[in-house]
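Trainee: I've got a new model open and I'd like to learn how to read it feature by feature. Could you walk me through it?

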Amino acid sequence: MRKTLLIIIAAAVVLCAAAGIYLALSEGGAERDEISLRDPANDGWTVITLDPGHGGKSPGGVGVHGGEEYVERDLVMRLALYLKAELEKYDHVKVYLTREDNSENPELWDRVKMGKENGSDVVISLHLNGGNGERHGASVLVTHGKYDPKDLKPVEDALALSILAEIETQVGVSSNGLYLADSKMVTYPNGEPADYYGIVRSGINLGIPAILVEHCYLDNEEDFKLALSTDEKLMTLAKADADGVAKYYELELKTDE
């Protein structure tokens with residue numbers, strides 16, 4: 001049984017009317033007991049699907065540092081492999097990838113469906129943000145909760161905040177909190193606006209927690225130096241992600257027998 005989990009969620013919400021985006025900062029408090037959405041078929045295993053964002057002809061964001069071009073598609077693929085290795089250091093953990101290399105670019109629905117079909121407890125999509133070079137920080141996209149028949153929101157919020165805390169502590173990239181966004185075109189069965197982002201929306205429709213981690217801003221020099229500039233930095237970022245996941249799911253490292 002999981003212990004009582006105290007979730008620290010946002011007290012401040014900033015509305016971006018044009019995009020329907022809300023930013024929830026990690027202050028304030030709300031308490032829920034026994035937050036869990038585990039697949040009973042996993043029989044004691046924690047199953048995680050990692051989704052390296054983009055792929056194929058979709059490069060994602062691009063940052064130029066020291067005259068060299070860095071592509072989101074490539075960096076998150078490397079990050080996913082490092083994160084998979086970190087998570088597999090824990091006992092009773094299975095990890096799947098939605099793509100194995102940069103030649104693949106599955107549809108967003110298919111990425112989440114893969115997680116559902118392999119019995120995952122969660123789908124974690126790995127991304128890097130982009131702005132005007134001045135924006136910085138990490139954030140996690142989660143459901144707005146206006147249609148949530150499987151009660152996914154408390155799981156997504158708590159896991160996201162756990163990951164963000166580790167990124168801030170271990171990597172030094174500041175946390176921008178949780179992002180929630182409404183679609184202007186699509187609604188859920190209850191008539192409420194659907195979640196804007198495909199990964200998150202697909203998770204709601206398939207009944208599995210699905211979050212999207214924007215680890216930092218690829219085009220920001222400070223974020224790049226903190227998290228992305230070397231393989232060692234990417235490994236540290238992967239460990240931060242893994243520790244955040246491990247703390248939420250109360251995983252234990254494997255021991256030599």
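Mentor: Strand β5 (residues 46-52) and β9 run parallel and are joined by five bridges. Two strands pair if DSSP finds at least two bridges between them. The strands themselves are DSSP runs of E with at least two residues, helices are runs of H or I with at least four, and both are numbered from the N terminus. As an example of a bridge, Asp51 has Ser125 in β9 as its partner.

Trainee: Before we go on, what kind of model is this, and what should I know about the numbering?

Mentor: This is a predicted model: local features need pLDDT of at least 70, side-chain atom pairs count only at pLDDT 80 or more, and totals for chains, interfaces and linings use all residues. Residues are numbered from 1 along each chain as its sequence is written, and side-chain values use heavy atoms, with hydrogens and water left out.

Trainee: What is the mean pLDDT of the chain, and where does pLDDT stay under 50?

Mentor: pLDDT is the predictor's confidence in each residue, from 0 to 100. The chain has a mean of 88, with 84% of its residues at 70 or more. Residues 1-36 are where pLDDT stays under 50, although the model has 81 contacts beyond four places in sequence for them; contact means heavy atoms within 4.5 Å. Where pLDDT is low, the predicted coordinates should not be read in detail.

Trainee: Back to strands. Which strand does β9 pair with over six bridges?

Mentor: That's β13, again in the parallel sense. One of the bridges has Asn129 with Tyr217 in β13 as its partner.

Trainee: How many residues of strand β9 are buried?

Mentor: Buried means under 20% relative accessible area, exposed means over 50%, and partly exposed is in between (1.4 Å probe, protein chains only). In strand β9 (residues 122-129), eight of the eight residues are buried, so the strand is largely enclosed by the rest of the structure. In a regular strand the side chains alternate between the two faces of the sheet. Here Val122, Ile124, Leu126 and Leu128 point one way from β9, while Val123, Ser125, His127 and Asn129 point the other way, and all are buried.

Trainee: Which residues cover the two sides of strand β10?

Mentor: Ala138 and Val140 lie on one side of strand β10 (residues 138-141), Ser139 and Leu141 on the other, and all are buried. β10 pairs with strand β11 (residues 175-187) in the parallel sense over three bridges, and Ala138 has Ser175 as its bridge partner there. With strand β13 (residues 210-217), β10 pairs in the antiparallel sense, also over three bridges; look for Leu141 opposite Leu212.

Trainee: Now charges. How many salt bridges does the structure hold?

Mentor: A salt bridge is a side-chain nitrogen of Lys or Arg within 4 Å of a carboxyl oxygen of Asp or Glu. The structure holds 11 salt bridges. Among them, Asp231 and Arg78 meet at 2.4 Å, N to O. That pair links distant parts of the chain, with Asp231 in helix α6 and Arg78 in helix α1 (residues 72-87), 153 residues apart. Asp231 counts as partly exposed at 31% relative accessibility, and Arg78 is partly exposed too, at 34%.

Trainee: What separates Lys239 and Asp243 in helix α6?

Mentor: About one helical turn, because they are four residues apart in the helix. Their side chains meet in a salt bridge (2.7 Å, N to O). Lys239 is partly exposed at 37% relative accessible area, whereas Asp243 counts as buried at 12%.

Trainee: How far is Asp241 from the nearest side chain of opposite charge?

Mentor: For charge, Lys and Arg count as positive and Asp and Glu as negative; His and the chain ends are not counted. Asp241, in helix α6 (residues 231-249), is buried yet has no salt bridge, and the nearest side chain of opposite charge, Lys239, is 11 Å away. Leaving out residues up to four places away in sequence, Asp241 touches Leu79, Leu83, Leu126, Ile163, Ile167 and His215.

Trainee: And how does the chain look overall?

Mentor: There are six helices and 13 strands, and buried residues make up 49% of the 257 residues.
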